[in-house]
2 protein chains.
Amino acid sequence: MNAKRKFENTDELVLLPLGGTGEIGMNCYCYGAGPASTREWLMVDLGVKFGDERDPGIDVILPDVGFIAKNRKRFSGLVITHAHEDHIGAVARLWPQLKCEVHCTAFAAELLKLKFIEHGIDDMVPVKIHKPGVPFTMGPFDLEFISVTHSIPESCALLIETPHGRVLHSGDWKIDRTPMLGAGFDEKRFREIGDLGVDVLVCDSTNVMREGLSPSEKDVAATLTDIVAHAKGRIAVTTFASHVERISCAVKAARSAGREVVIAGRAMRNTIEAARKCGYLKDAGAFLDEDAFGYLPRDKIMLLCTGSQGEPRAAIARIGEDNHPNIALEEGDLVIFSARTIPGNEKEVGAVQNNLATLGVDILTADDALVHSSGHPRQGELELFYQYLRPRVLVPMHGEPRHLRAHANFAKSKGIKETLILEDMKIARLCPGVPEIIDEAPGGRLHLDGKLIVDAVDGPAKFRRKLSFAGIVFLTVVINDKGELAEDIILIADGIPEGMEDDLAEAAEKAYENMPRGKRKDDGNVEEVIRTIVRRECDNIWGKKPVCKVVVVRV
Amino acid sequence: MNAKRKFENTDELVLLPLGGTGEIGMNCYCYGAGPASTREWLMVDLGVKFGDERDPGIDVILPDVGFIAKNRKRFSGLVITHAHEDHIGAVARLWPQLKCEVHCTAFAAELLKLKFIEHGIDDMVPVKIHKPGVPFTMGPFDLEFISVTHSIPESCALLIETPHGRVLHSGDWKIDRTPMLGAGFDEKRFREIGDLGVDVLVCDSTNVMREGLSPSEKDVAATLTDIVAHAKGRIAVTTFASHVERISCAVKAARSAGREVVIAGRAMRNTIEAARKCGYLKDAGAFLDEDAFGYLPRDKIMLLCTGSQGEPRAAIARIGEDNHPNIALEEGDLVIFSARTIPGNEKEVGAVQNNLATLGVDILTADDALVHSSGHPRQGELELFYQYLRPRVLVPMHGEPRHLRAHANFAKSKGIKETLILEDMKIARLCPGVPEIIDEAPGGRLHLDGKLIVDAVDGPAKFRRKLSFAGIVFLTVVINDKGELAEDIILIADGIPEGMEDDLAEAAEKAYENMPRGKRKDDGNVEEVIRTIVRRECDNIWGKKPVCKVVVVRV
C-alpha cells in the first residue's frame, strides 16, 4: 500500500490554491476538511492579478472558481484576510457563481460594498464582519482573525482549526513594531497559538529574498516629514490608493509644514472615505478641492494621488503630460514616488518620471530615500514568525516558484523540517502525516476581456497575440458558375507593411487559376490553397506569415 | 537681432542625436562642422534598441539616418566607440544608405565583419582600424580614440577637434582602476586633454542616479572565484554575450576550481572568436563541447552561456525548460546570473529563474553577491571625469529624459556652468557661444519588421497594436442588382470572444435592410453604416470596439 492510498478515505485537511502559488497576485486558497467524498471547503481570499503584454487586451486575470462552485453544497464560504485587490478583486465578479457568505473585517467590508454596488449585488451578498481575536465558525472550520501589520488597514492572519489539524494562514504581513495606524502586529496571540501547537504555517513569501528586517512606517513618516519640511515648491506624493497608513503619514508631513492637502484619484478618495467610516484618519483634517492648486502658494500645498505604478490615466501621469484639468507642476516642484515599482511596471513608471523630468520637476523615489517600506516580511521577520509559531510544516504561498523555493529553503535552514511547495490547482494533504500533493482540481484561470469573462488559455487573447505579431490578410474570392473568378480577388490587410497587397492578390489569383477545375468546386479547398499561397508569399517578401482568412462567394 | 539669428551663418560646431537622448539604447550622434549651408557631418555610433510590447511584432528599432544620407556629399563617415549592439547594431542594415567609411578599433571591426558577411556587404564596406592614442582625420574632424574601461573590449572615448571647438565624446565608460582585461582607463590622456581645454563634454548618463564608485571587475572576479570554489554541483554562469572580461573572469574561476568550461550560445562563441583574433583570452584554454556535460562529474564542469536577459531561445532558458539537447541541470546545481536585468526584461528573466527553481536549481544574482558590476559611471566617477576634463559645457547623453536631467543637475552641482539637454532629431549649436538648440532634422525612427524596414510611427506595428486590443471583424456583403442582400452577410472574426458572431451579423443585416434604397447604391456608404453598427453592437455586448472591415460584392 503506497503513501497515496494509505490516506485515501482518511479524515484529512487539504489545501487547494486556485491562485497565488505560481505568480504574485490573484490569491485564492481553498481549505478542505474531511474525506474526499464529503469534503467541506473554505475559501480564503479571492483576488485578481493584472494582465500584461503576454495577454494583449486583458486588464484583469481571475481565478477559476468552477470547482468550488460545483461543490457549493459543501462550501462554507469565503474569508477575506485584507482588502488589497489581489485578495478581494474577484469577489464581486465571481460571487454570483459562489453565492456564499463573505467574512471579513469592517474596513474590507466597506471597500467590498463599493464593488458590490458597482455590480448591482449589494443587497444579495451576506457579509459578516469580524474583529481580530474574536473566534467565529464556518462549517467545520473554527476561525479567528489575528491582527498583523501590512500596507492596508485591518490586515489579518487567519487561524484555522479543524478536527484534522491547526493551520495558521498568514495573509500578507510584516512585523512593524511602530506602526502609524491600526491595531499592530499581535505578537502575543501568535505566541499563544504557537504554544497550542501549529501543524501547518501557510506563509507569505514575497520578500523572502531580502535579508534583515523591514523598516518601520515610523521611519518612512520621519523621512517624508523631513523632505516636506525642506521643500520650497509644490509637492506631490503618489502612493498605492489603498495605503491609508502612508496617506496618513503624508498628510501629517504636510500639516506639520503648514501645507494644505488635495487628493486626486477616485480609488484613493474611496479608500479614504472607507477608512474614515471605520474610524481612521480622524486627525487628518479636511482636504481641499483640486482648484486649490491654482490659488495657493507653491509652498502651501501638497497633492496626494494615485498613479505610482505608471497607470496612464492616473493623476500623476496626466500631470506629467501637462494635461491635467486642474493641476500643473513645473521647475522646482517635487514628486515623491512613495511606493515600490511592481515588477513589470518599470517602463510605465519610467515614462511618467521622464515626462515629469521634461517639465523640470524633481523626482524622489525609494532609491533615493526611505519614502517607502514594503508590507511583506523579510528573512528576519520570517525567522521571528517561525519562533512564535513553531510550525511542524511550512507551506510557502504568495510568490513565483523561485520565491516559494527560496522560502522553503530558508525555512529548512531555520529548523522547520517539513516544507511543501504547491502549485495552483494541485490539492495537497496538509494533515495528517507528511504533507504531499494528492490530487488536482480541474480548471485554470479566467480573463476579464472587456466586460466578458473568457477562458485564459483558449480565449481571444491567444488569437490577438497572433494578430499582434504579424497582422491579418482577408481575401474575398468571387467565383461565377463557370468556376472562373467573377472579379479580381479583393484583398484587405491590417497590420502588415504597405506595398505588398498587389503581389499577394496576384499570387492568390495565379494560384486559383492554376487549380484544376474539379478542385475549384470545393470552397474549403479554394480557401486552403489561397491561404497557403498568400502566407508563403508574405513570408518571401516580409519574413512573416500573417493570419489569413478567405471567403468564397459563388455567383 | 536675436540669439538664433546672430549665429545663422557662423562657422559653428553642431550636434544632432539621431538616437540616445530620449531612451536608453540606439545610440547615434552626428556632429556637424561649418556654417549650415556647407556643413560637414560626422556620425558617432549607429546602434539599435530592442522593441517591446508597445510595438508588437517589432524586435529591433533603428535610427532614421535619412537626413545624413541626403547630405552624403558632405558626410565624412562613421566612427564606432565600441562594439555593443546599441552602438553598432544598425551599421550593417543602414550602411547601404550611407555608403561611408567605418572607423573603429580591431575588436569592433571583427564583430562588424560578421554582420557585414551576414548581410552580404563584407567586400563593400571600407573599414579603417585605429588604435587608441593615435590621431586620425575624417574631413574637417581631427579625431583620437582614448581607451576607457567598459563591459566590452576596446571601448573608447572620442576626442573630436574642429576649427570651431574641441569636444570629448565619452562613449560608454566607467573608471575601473583594476580591470581584468584590456588597456584600461587612460586617466593620463584625459588629464592632458583637460589641460588643452575642452569646450564640450558629451557624456554617458546611464548610472547618474547612483552614488559612489562602481565596483571593479577585480572584485567581481574574486566573488566568482569564491563561489565557484565552494560549489559542489554543476555551475552555469550566464552573462552578456559580448562581455569578454566577465567571460575571462568566469573561466579563470572555473580553472582555479579544476572545472572544464563549455560555451553555449552562438553570439558568445562569436565574441570569443573575435576576442581571440585580437589577442584576448590567450590563457583561457580550450573549451569543451556541450556533450561534456553528460560525462564529466558535476563538480568538474562550468557552463558559460547567453540568456541573462531572459531571451526565450537562449541556452539558459532552454535548460530551465528542461529541453536543451545536451545540457541539463538539477537539484543542487547553481546558476549565476552575472548581469543586471535591463529594465523591461524583468518578467522574462523571472520566468527563466522560476523554471530553474522548479527544477530545484539554486540561483544567484547580483542581488545576492557581487557577481556583476555595471560598465557605466556612477556619480563619483563622473565627478573625477569632470576634474580631469574641466569642460566648459556638459551635454548629457545615453539616457531617458530623467537621466539626462539628473546628469545636468549633477554637473551643475559640481561646478560645470553650462549644460544642454538634447532630444533626438534636434540640432544644437555647441560652439561658439552659449550652446542652444537651433534647428531640427526631419525624420524619426525605423522598425525592423520581419525583414523589412518600416516607419516606426505609422507602420504596421501601430495597426497591430489596435488588433491586439480588440481583434477584428470582417463582413462580406453580397448585394444583387435589386439592391437586396443576395445571401446572408458573411462574418469572420478573429480575436473577439466566442458567441457574438450571430448577434453581430444580425445587427449588420438589420442595418442594411433599414437603409433607404438610394443609400444602398453607394459601396462606401454601405460599408460605413455596417461598420458603425457592428462596432456599436460589439461595444454593447463586449465593452470593446474591434477593427471592422466590410467588403461589398455586387452580383
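Colleague: Before we start, what counts as a contact in this predicted model?
Modeller: The model is predicted. Contact is judged on C-beta atoms placed from the backbone. Two residues are in contact if those atoms lie within 7 Å.

Colleague: Which residues of H15(A) and H15(B) meet?
Modeller: By that cut-off, both helices bring residues to the contact.

Colleague: Are H15(A) and H15(B) roughly parallel or roughly antiparallel?
Modeller: Helix H15 spans residues 460-470 in chain A and in chain B. The two axes come within 8 Å and cross at roughly 180°. Angles over 145 degrees count as roughly antiparallel. H15(A) and H15(B) are therefore roughly antiparallel.

Colleague: What axis relates chain A to chain B?
Modeller: Chain A can be laid on chain B with an RMSD of 0.2 Å. That takes a turn of 180° and a shift of 0.1 Å along the axis. The relation is therefore that of a two-fold axis.

Colleague: Which C-alpha of chain A is nearest the axis?
Modeller: The nearest C-alpha in chain A lies 2.6 Å from the axis.

Colleague: How many residues does the contact take from chain A?
Modeller: The same surface serves both copies, and 100% of the contact residues of chain A recur in chain B. Chain B gives 52 residues. From chain A the contact takes 52 residues.

Technical notes:
Residues are numbered from 1 along each chain as its sequence is written. Chains are lettered from A and ligands numbered from 1 in the order in which they are written. This is a predicted model: local features need pLDDT of at least 70, side-chain atom pairs count only at pLDDT 80 or more; totals for chains, interfaces and linings use all residues. Copies are superposed by least squares on the C-alpha atoms of residues with pLDDT of at least 70 in both. Axes are lines fitted to C-alpha atoms, for helices over the stretch in contact, and angles run from 0 to 180 degrees between N-to-C directions. Helices (H or I, at least four residues) and strands (E, at least two) are DSSP runs, numbered from the N terminus. Angles under 35 degrees count as roughly parallel, over 145 as roughly antiparallel, 65 to 115 as roughly perpendicular and the rest as oblique.
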